[in-house]
Amino acid sequence: MISAVDNRAKTFTIAGKEHSRTFKITAKTTVTKAGAPATMKDVVANEEVRGSYWKVMDGTLEAKTVKLGPKTDAEKAADEKRKAAKKEKEAAAESSASPSASPKP
């Protein structure tokens, strides 16, 4: 959840459990809202946000992708698909880890 926005500095802040983090939006940042392109003007306080970032050498956090608002149906479907594939992979690993039923010579 975005707790503060500074349009002049092109930054937004997310309040964390222990400390807040401020992210800078640059020309390289991809901003979307409900799956459609968005701009810094769409970044507002009290809005859900998720994405990715780089930690720059000077310690600042540069936003790589910023997705505003709740997850879209396509994102939810992709998450479910990933979870199902992970469960399948874990189940396959468990079954192949069990000892063989063939007798030893």
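This is a predicted model: local features need pLDDT of at least 70, side-chain atom pairs count only at pLDDT 80 or more; totals for chains, interfaces and linings use all residues.
Asp79, by contrast, counts as buried, because its relative accessibility of 16% falls under the 20% limit.

Asp79 also meets the side chain of Arg82 in a salt bridge, with 2.4 Å from N to O. Both Arg82 and Asp79 belong to helix H1, which covers residues 73-97, and because they are three residues apart there, about one helical turn separates them. Arg82 is exposed, with a relative accessible area of 53%. Through salt bridges that share partners, Lys71, Asp79 and Arg82 are joined into one network.

## Glu47 and Lys33

The model has four salt bridges by count, and one of them is formed by the side chains of Glu47 and Lys33, at 3.5 Å from N to O. This pair links distant parts of the chain, for Glu47 lies in the loop between strand E5 (36-37) and strand E6, whereas Lys33 lies in strand E4, and the two are 14 residues apart.

Which of the words buried, partly exposed or exposed applies to Glu47? Glu47 is buried, with a relative accessible area of 12%, while Lys33, at 34% relative accessibility, counts as partly exposed.

## Strand E7 and its partners

Strand E4, the strand that holds Lys33, covers residues 30-33 and pairs with strand E7 in the parallel sense over four bridges. Within this pairing, Thr30 has Thr65 of E7 as its bridge partner. Strand E3 (residues 21-24) also runs parallel to E7, which spans residues 61-68, and two bridges join these strands; here Lys24 stands opposite Glu62 in E7.

Strand E6 (residues 49-55) pairs with E7 in the antiparallel sense, over seven bridges, and Ser52 stands opposite Thr65 in E7.

## The turn between E6 and E7

How many residues lie between E6 and E7 in the hairpin that they form? There are five residues between these strands, and Gly59, which sits in the turn, has a positive phi of about 95 degrees.

Note on methods
Residues are numbered from 1 along each chain as its sequence is written. Side-chain values use heavy atoms; hydrogens and water are left out. Two strands pair if DSSP finds at least two bridges between them. Buried means under 20% relative accessible area, exposed over 50%, partly exposed in between (1.4 Å probe, protein chains only).
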